[in-house]
Amino acid sequence: MDYILKILPQLIEGTGVTLQVFLITIVLAVPLGLALALARISRWRVLSVAVNGYIWLMRGTPLMLQMLFIYFALPFVPVIGIRLPDFPAAILAFVLNYAAYFAEIFRAGIQSIDRGQYEGAKVLGLSYPQTMRRIVLPQMIRRILPPVSNETITLVKDTSLIYVLAMNDLLRAARGIVQRDFTTSPFVVSACFYLAMTLVLTWGFQYLEKRYAVADE
Amino acid sequence: MIQAHGLHKRFGANEVLRGVSLEMRRGEVIAMIGPSGSGKSTFLRCLNHLETIDAGRIVIEGEVLATTEPGGPCRYAPDAEVRRLCRRMGMVFQHFNLFPHMTVLQNIIEAPMTVKGMKRDEIVPRAEILLEKVGLSAKRDAYPGRLSGGQKQRVAIARALAMEPDIMLFDEPTSALDPELTGEVLRTMRELAEEHMTMLVVTHEMGFAREVASRVIFMDHGSIVEERPAADFFANPQHPRSRAFLDNML
């Protein structure tokens, strides 16, 4: 017990890094994913095809590779080449990658809404943006909560990938202590931290699902 | 109020409308009847731009919605103009198309607030009067999922009326309802007709067509086969195809 209390500060510090990556990614990737989904279903074919290609690229290569590319290779790319410090590089990779997954979830959600809803809105005079904002997206949210919850929980654990850019997230902090003290208990403690975080998320999504279910038969 | 002239519409190889024309005057109640696939619903949907026509001319209260130059393509008015014109027509669908995430009241006030920019305090009393009219005041705060089909359709009628349309289009409003529920919807529509609302009703309810409509239009294979005052039509159908259709229905 004393030992756990002793290593706690380091693990909490690592959790801070993990939570930062998680929160910033969610805040940026969700709106970007929504924009991508709307572009993907847009009648403007060039846009739709381009977004499709983007999603293929982001889902088709490992997130770790994307992170390494942004950190090490991006500076040497002509024109757009910029050198990013480790934290922004990691965030950029996470946002670009997760936005692609969110985009597909949102697209599926939008397309699951019955055509009659669009027609009902149209004959009442609602424009396309009004129809999306007032009619389609609110109904979509309810349907996509389960897959979004999945994706969000995956993200909590994926944050541990930032160790490749030598940042001290929760898992890397734990591993550091394990290697220093020759004991595996920091792993157990860090597992508890992850479980606590995902438990909070699970409750949060359960609450949201209940709230959005009021309109059900 | 509505002038449609020579409407043509095809879905792929299937020619759904083969030159359908209709003149509708204020206060008229027209029933469109005919076998399934005869183009009645498509015609209705073309009038308010849920479908686009391939050729022909549609004029709503003196303003051109779509027109076709001889030999040229069919041209529609600019988008904003189309939206403005179509707002003069309210529409009721076979499958209601209520917004399931909104209560009955929210369904009714949504378009007046979002489209017309009305204030909540202005529209809510009017919505309550409409709900009273369709007999659903008690369901004001219920979600559509909790309503019966007949109740849903009456909410849909109230929702369309909230936009104060000049013309109401009904696309088989009772076809998705159990027989014992059609009565309440037809009663609401009859009351609307008695208030001299201009109505175009695609229906399979012959009783309603006979009693409420001033004019009956019989369509078959994408064309109007017969068009006469309702009493006349039912007493003495002229065309063999309308006669055969009525024999089957009654």
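User: In the hairpin of β10(B) and β11(B), which residue takes a positive phi?

Analyst: This is a predicted model. Strands β10 (residues 215-220) and β11 (residues 223-229) of chain B run antiparallel, joined by 6 bridges. The hairpin has 2 residues between these strands. The one with a positive phi, near 50°, is B:H221.

User: How far does helix α6 of chain B reach from its first C-alpha to its last?

Analyst: The helix covers residues 179-194, 16 residues in total. At 1.5 Å a residue, 22 Å is expected. The reach in the model is close to that, at 23 Å.

User: Which residue just after α6(B) takes a positive phi?

Analyst: Helix α6 of chain B ends at residue 194. Just after it, a phi of about 65° belongs to B:H196.

User: What covers the buried residues of α6(B)?

Analyst: Buried residues of this helix include B:L181, B:V185 and B:L192. Their cover comes from parts of chain B, among them β3 (29-33), α4 (120-133), β9 (198-202) and α7 (206-212).

User: Which element gives the most to the side of chain A that touches chain B?

Analyst: The contact takes 22 residues from chain A and 25 from chain B. One salt bridge there joins B:R45 and A:E119 at 2.5 Å, N to O. On the chain A side, α5 (115-123) and α6 (128-158) each supply at least two residues. With 8 residues, the top contributor is α5(A).

How values were computed:
Residues are numbered from 1 along each chain as its sequence is written. Chains are lettered from A and ligands numbered from 1 in the order in which they are written. This is a predicted model: local features need pLDDT of at least 70, side-chain atom pairs count only at pLDDT 80 or more; totals for chains, interfaces and linings use all residues. Side-chain values use heavy atoms; hydrogens and water are left out. Helices (H or I, at least four residues) and strands (E, at least two) are DSSP runs, numbered from the N terminus. The expected span of a helix is 1.5 Å times one less than its number of residues. Buried means under 20% relative accessible area, exposed over 50%, partly exposed in between (1.4 Å probe, protein chains only). Contact means heavy atoms within 4.5 Å. Two strands pair if DSSP finds at least two bridges between them. A salt bridge is a side-chain nitrogen of Lys or Arg within 4 Å of a carboxyl oxygen of Asp or Glu.
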